[in-house]
Amino acid sequence: MPMSAQPSRSTRRISIMRCPIIVGAGPSGLAVAASLGRLSVPSIILERSDGIADLWCHRTYDRLNLHLPKPFCQLPHLPFPAHLPTYPSKDHFLDYLHRYADHFSLRPLFGCTVTDARFDEAASLWRSSRSPSSSSSEPLTEPRELEVVEFASPWLVVATGENAEPVVPEIKGAQAFMGSLLHSSEYKSGVEYRGKRVLVIGCGNSGMEICVDLCDHGAMPFMSVRSGVHVLPREMLGTSTFGVAMRLLKWLPTRVVDRFLLIMAKMIIGDTEKYGLKRPKMGPLELKNKTGKTPVLDVGALSLIKAGKIKTVQEVRSLTSNGAKFVDGEEMAFDSVVFATGYKTNVPFWLKAISSFHFHDIKIDTDLFSAEGKPKLPFPNGCSGENGIYFVGFTGKGLLGASADAIEAALRISQRWTSLSKNRDLVL
């Protein structure tokens with residue numbers, strides 16, 4: 001008869017690196033590693049999952065395509081293949097990321113979950129700990145010795161992104177609901193919802209595209225709209241709306257560009273408020289800059305809303321055993337509920353505060369991240385330089401912003417790496 005489980009002993013192995021430690025092997029982590037490599041700076045990538053771009057690989061729906069044209073989504077130093085469509089599919093993008101990793105000889109360490117990262121002021125090093133998880137289900141017959149691996153480096157690049165963990169709001173009555181409840185990260189296809197009434201909570205890009213997918217598979221989607229949303233045509237004037245906006249912003253103030261986009265949107269797709277999609281008072285670009293809320297680029301949802309195939313409903317007050325009650329007092333029955341309510345970063349859970357850092361020669365004592373999960377000082381000025389920490393992919397500007405972050409971070413790191421690489425006390 002096996003003995004009861006015994007407490008595990010642990011040993012700690014410290015690896016002092018003379019290269020940057022990158023946490024995350026998604027697009028941001030790959031981009032900064034490739035940019036460092038082009039500057040002859042080696043790096044080590046730590047990734048908690050078993051492959052690159054875990055979110056894109058395992059937590060996205062089947063019909064997902066990039067919402068922006070491929071020139072705005074490619075990573076630094078390697079464009080998308082010319083034969084791909086303007087808006088590559090999820091599979092196209094994953095193939096591109098694997099080709100990107102192979103092209104730059106990027107070999108992340110998979111299965112490495114960083115559980116603690118903190119700055120050692122005495123040694124001027126970032127210490128990142130990772131404890132290997134046990135895959136064995138057999139009972140312990142004797143105490144087991146676990147190895148805690150700690151990497152120490154002058155540089156830490158946080159590249160786990162803004163979309164690491166699903167956000168599921170707490171809704172009264174959720175436990176009593178008899179149908180299926182899932183987050184959009186678990187939704188794959190509408191094929192299993194044929195003939196069913198599905199409530200989609202959230203009216204962003206994912207929420208609307210999931211509603212389109214549900215329609216295509218014979219389901220009856222209802223989209224809950226809690227607040228205002230800007231819906232823009234994906235293309236205008238023969239090109240992408242995003243491309244038009246980027247060109248205009250080179251010459252005109254944001255508010256002027258916003259007015260132009262809204263005039264064009266009304267001409268092309270009409271008045272969205274007639275269909276329960278009230279526009280915020282702030283323009284789409286200004287709203288994005290100030291709150292991070294992204295405008296919806298229409299991929300077919302609006303025509304289905306106009307045709308009555310996608311119903312818009314009010315904010316959910318509570319769930320019932322067979323449906324939902326809304327803030328306007330209406331109650332409806334549903335077979336399933338999908339939360340298209342976005343994601344959040346997990347960085348505050350493992351990145352510990354440093355006692356202080358300097359910004360423009362001012363000493364600041366603070367945590368690194370805000371309660372909303374954003375770096376308190378945005379890249380490129382935030383928490384970089386003397387303490388050697390960089391945030392890549394946290395600007396709220398998508399893949400294009402992450403690529404710019406990666407290039408800037410690599411340039412800054414390379415400026416110090418050459419001199420430190422000659423220090424024999426730091427070994428690879």
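**Reading strands, salt bridges and burial**

Author: Let's begin with strand S18 and strand S19 (residues 323-326), which pair in the antiparallel sense over three bridges. Please keep in mind that this is a predicted model.

Reader: Happy to start there. How do strands of a sheet pair in general?

Author: Backbone hydrogen bonds do the pairing, and the strands may run parallel or antiparallel.

Reader: Now for another pair. In which sense do S11 and S12 pair, parallel or antiparallel?

Author: Strand S11 pairs with strand S12 (residues 220-224) in the parallel sense, over five bridges. To find this pairing in the viewer, look for Leu-199, which stands opposite Phe-222 in S12. Strand S11 (residues 197-201) is also mostly covered, with four of its five residues buried.

Reader: Let's turn to charges. What can side chains of opposite charge do?

Author: They can pair when their charged atoms come close. In this model the count comes to twelve salt bridges. One of them joins the side chains of Asp-62 and Lys-90, at 4.0 Å from N to O.

Reader: Which parts of the chain does that pair tie together?

Author: Asp-62 sits in the loop between helix H2 (54-58) and helix H3 (90-103), while Lys-90 belongs to helix H3, so the bridge ties together parts that are 28 residues apart in sequence. Is Lys-90 itself buried or exposed? With a relative accessible area of 8%, Lys-90 is buried.

Reader: And which residue forms a salt bridge with Arg-63?

Author: That is Glu-209, with the closest N and O atoms 3.9 Å apart. Arg-63 lies in the loop between H2 and H3 and Glu-209 in helix H4 (residues 205-216), so this pair ties together parts that are 146 residues apart in sequence. Arg-63 is partly exposed at 28% relative accessible area, whereas Glu-209 is buried at 4%. Both take part in a network of salt bridges that also links Asp-213 and Asp-216.

Reader: How far apart along the helix are Arg-412 and Glu-408?

Author: They are four residues apart in helix H10 (residues 398-420), which means a separation of about one helical turn.

Reader: Which residues form a nonpolar patch on the surface?

Author: Leu-39, Ile-407 and Leu-411 do, with about 220 Å² of accessible area together. Leu-39 is in the loop between helix H1 (27-38) and strand S3 (44-47). Its relative accessibility is 34%, so Leu-39 counts as partly exposed.

Reader: Last one, on burial. Which residues of helix H5 are buried?

Author: In helix H5 (residues 241-249), they are Thr-241, Gly-243, Val-244 and Ala-245. What covers them includes strand S13 (231-233), strand S14 (235-236) and strand S15 (239-240), along with helix H6 (254-269), helix H7 (284-291) and strand S16 (296-298).

How values were computed
Residues numbered from 1 in each chain as written. Predicted model: local features only at pLDDT ≥ 70, side-chain atom pairs only at ≥ 80, totals over all residues. Heavy atoms only, no water. Pairing = 2+ DSSP bridges. Helix = DSSP H or I, 4+ residues; strand = E, 2+ residues; numbered from the N terminus. Patch = residues over 30% accessible without salt bridge, like charges linked within 9 Å, V, L, I, M, F, W, Y side chains within 5 Å. Areas by Shrake-Rupley, 256 points an atom, 1.4 Å probe, with all protein chains shown as cover. Buried < 20%, exposed > 50% of the residue type's maximum accessible area, 1.4 Å probe, protein only. Contact = heavy atoms within 4.5 Å.
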